[in-house]
Amino acid sequence: TWQHPLAIYPTNSTTPPPGWQLKQSLFATPTIVLFRNRQEVARYTGYQGTEKFWQWLDSETGRVKKPGS
């Protein structure tokens, strides 16, 4: 049901695709990693509530708003 300009690719893997770089190892779930040019630029670890997630995503991207807003 994700309908945003940013694509999300769920995985159970703790390693990125070949040629992609993480800043540090993944250690908790859920973890959302934002990549630009195959490099990690930000991450959100754990569940702190819906509003906190949307605030984080908007602050990191500057263009993604909560659905319906």
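Where does Pro30 lie? Pro30 lies in the segment before β1.

## Basis of the model

This is a predicted model, in which local features need pLDDT of at least 70, side-chain atom pairs count only at pLDDT 80 or more, and totals for chains, interfaces and linings use all residues. Residues are numbered from 1 along each chain as its sequence is written, and side-chain values use heavy atoms, with hydrogens and water left out.

Helices (H or I, at least four residues) and strands (E, at least two) are DSSP runs, numbered from the N terminus.

## The segment before β1

Thr29 and Pro30 are joined by a cis peptide bond, with omega about -5°. Asn12 is also placed in the segment before β1. Along the chain, Asn12 and Pro30 are 18 residues apart, and their C-alpha atoms are separated by 9.8 Å.

For accessibility, buried means under 20% relative accessible area, exposed means over 50%, and partly exposed is in between (1.4 Å probe, protein chains only). Asn12 has a relative accessible area of 82%, so Asn12 is exposed.

Strands β1 and β2 run antiparallel and are joined by 6 bridges. Two strands pair if DSSP finds at least two bridges between them. Across this pairing, Leu34 stands opposite Ala42 in β2.

The hairpin has 2 residues between the strands. In the loop between β1 and β2, Asn37 has a positive phi near 55°, in a residue other than glycine. Arg38 is found in the loop between β1 and β2 too, and its phi is positive as well, near 65°. Asn37 is exposed because its relative accessible area is 69%. Arg38, at 46% relative accessibility, counts as partly exposed.

Side chains of opposite charge can pair when their charged atoms come close. A salt bridge is a side-chain nitrogen of Lys or Arg within 4 Å of a carboxyl oxygen of Asp or Glu. By this rule the structure has 1 salt bridge. It is formed by Arg43 and Glu40, whose closest N and O atoms are 2.7 Å apart. Arg43 has a relative accessible area of 16%, so Arg43 is buried. Glu40 counts as buried because its relative accessibility is 7%.

Glu40 is found in strand β2. The side chain of Glu40 also reaches the backbone nitrogen of Lys23 at 2.8 Å. This is a polar contact, a pair of N or O atoms within 3.5 Å; within protein, one must be able to donate a hydrogen and the other to accept it, and residues adjacent in sequence count only if both atoms are side-chain atoms. Leaving aside residues up to four places away in sequence, Glu40 touches Gln21, Leu22, Lys23, Gln24, Val33, Leu34 and Phe35. Contact here means heavy atoms within 4.5 Å.

## Aromatic pairs

Rings of Phe, Tyr and Trp (its six-membered ring) pair if their centres lie within 6.5 Å; planes under 30 degrees apart count as stacked, over 60 as edge-to-face and the rest as tilted. The structure holds 5 aromatic pairs. In one of them, the ring centres of Trp20 and Phe35 are 5.0 Å apart and the planes are at 80°, so the pair is edge-to-face. This pair links distant parts of the chain, since Trp20 is in the segment before β1 (31-36) and Phe35 is in strand β1, 15 residues apart. Trp20 counts as partly exposed at 29% relative accessibility, and Phe35 is partly exposed with a relative accessible area of 29%.

Tyr44 and Trp56 form a tilted aromatic pair, 5.1 Å centre to centre with 45° between the planes. Tyr44 lies in strand β2 (residues 39-45) and Trp56 in helix α1 (residues 50-61), so the pair ties together parts that are 12 residues apart in sequence. Both Tyr44 and Trp56 are buried. Ring pairs link Tyr44, Phe53, Trp54 and Trp56 into a cluster.

## The nonpolar core

In soluble globular proteins, nonpolar side chains tend to be buried together. A nonpolar core is a set of buried Ala, Val, Leu, Ile, Met, Phe, Trp, Tyr and Cys residues joined through side-chain atoms within 4.5 Å. The largest such core here has 8 residues: Leu6, Leu34, Ala42, Tyr44, Phe53, Trp54, Trp56 and Leu57. Elements β2 and α1 are those that give two or more residues to this core. Its largest share, 4 residues, comes from α1.
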